[in-house]
Amino acid sequence: MTRSLKTLRAVQWSMLVSILLYVVVGESLGPKAYRVEPGLSYVFITLAVGIVGTIFVVRRTLVSRAASELASHPDDNVSLNQWRTGYITTYALCEALALFGLILRFRGAGMQQSVLFYIGGFVLLLFFRPRQPASDSEAST
């Protein structure tokens, strides 16, 4: 469990740094801002809302269930794999949000449009930090 927790924290921090790199790359290498097609922005906004919803579904179906199982049976490898997979899937979806910002930036959107996706991905990634599942007796105290 401890090893998986350390691995997930390393993945989380790597992805947080990569989002910061997206901002730097988008601003330094991206084209000069001009009017981007509104349809493209609407598509990315719709996809972003869907991704945020998917993140919460993944958290409920994979992470929460596996965490409650691991709290009572810490040596359960199936639950540990589900727990780890849930976190990695969550992180990949958060990263996708930030990538939408980078894509928009390279399509000519201004920083004002892209930054919302960068911030959304960054904040969600930071918010869903991996936590060791607590047993019921620890959670009630």
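Leu29 is found in helix 1, which spans residues 2–29; helices here are DSSP runs of H or I with at least four residues, strands are E runs of at least two, and both are numbered from the N terminus. With a relative accessible area of 61%, Leu29 is exposed. That label means over 50% relative accessible area, while buried is under 20% and partly exposed lies in between, using a 1.4 Å probe and protein chains only. Together with Val25 and Phe106, Leu29 forms a nonpolar surface patch of about 260 Å² accessible area. Patches are made of residues with over 30% relative accessible area and no salt bridge, where nonpolar side chains (Val, Leu, Ile, Met, Phe, Trp, Tyr) are joined within 5 Å and like charges within 9 Å.

A word on the model: it is predicted, local features need pLDDT of at least 70, side-chain atom pairs count only at pLDDT 80 or more, and totals for chains, interfaces and linings use all residues. Residues are numbered from 1 along each chain as its sequence is written, and side-chain values use heavy atoms, leaving out hydrogens and water.

Now for the overall fold. The protein has 5 helices and 0 strands, and its C-alpha atoms fill a box of roughly 55 × 25 × 25 Å along the principal axes. Of its 141 residues, 40% count as buried.

On to the charges. A salt bridge is a side-chain nitrogen of Lys or Arg within 4 Å of a carboxyl oxygen of Asp or Glu, and the count by this rule is 2. Both are listed here.

| Salt bridge | N to O distance |
|---|---|
| Glu27–Arg105 | 2.8 Å |
| Glu37–Arg107 | 3.2 Å |

Glu27 in helix 1 and Arg105 in helix 3 are 78 residues apart, so this pair links distant parts of the chain. Glu27 counts as partly exposed at 36% relative accessibility, whereas Arg105 counts as buried at 6%. In the other pair, Glu37 is partly exposed at 47%, and Arg107 is partly exposed at 41%.

Which residue is buried yet has no salt bridge? That is Glu95, whose nearest side chain of opposite charge, Arg59, is 14 Å away. Glu95 lies in helix 3, residues 77–106. Not counting residues up to four places away in sequence, Glu95 touches Met15, Ser18, Ile19, Tyr22 and Leu125, a contact being heavy atoms within 4.5 Å.

Definitions and conventions. Areas by Shrake-Rupley, 256 points an atom, 1.4 Å probe, with all protein chains shown as cover. Lys, Arg positive; Asp, Glu negative; His and termini not counted.
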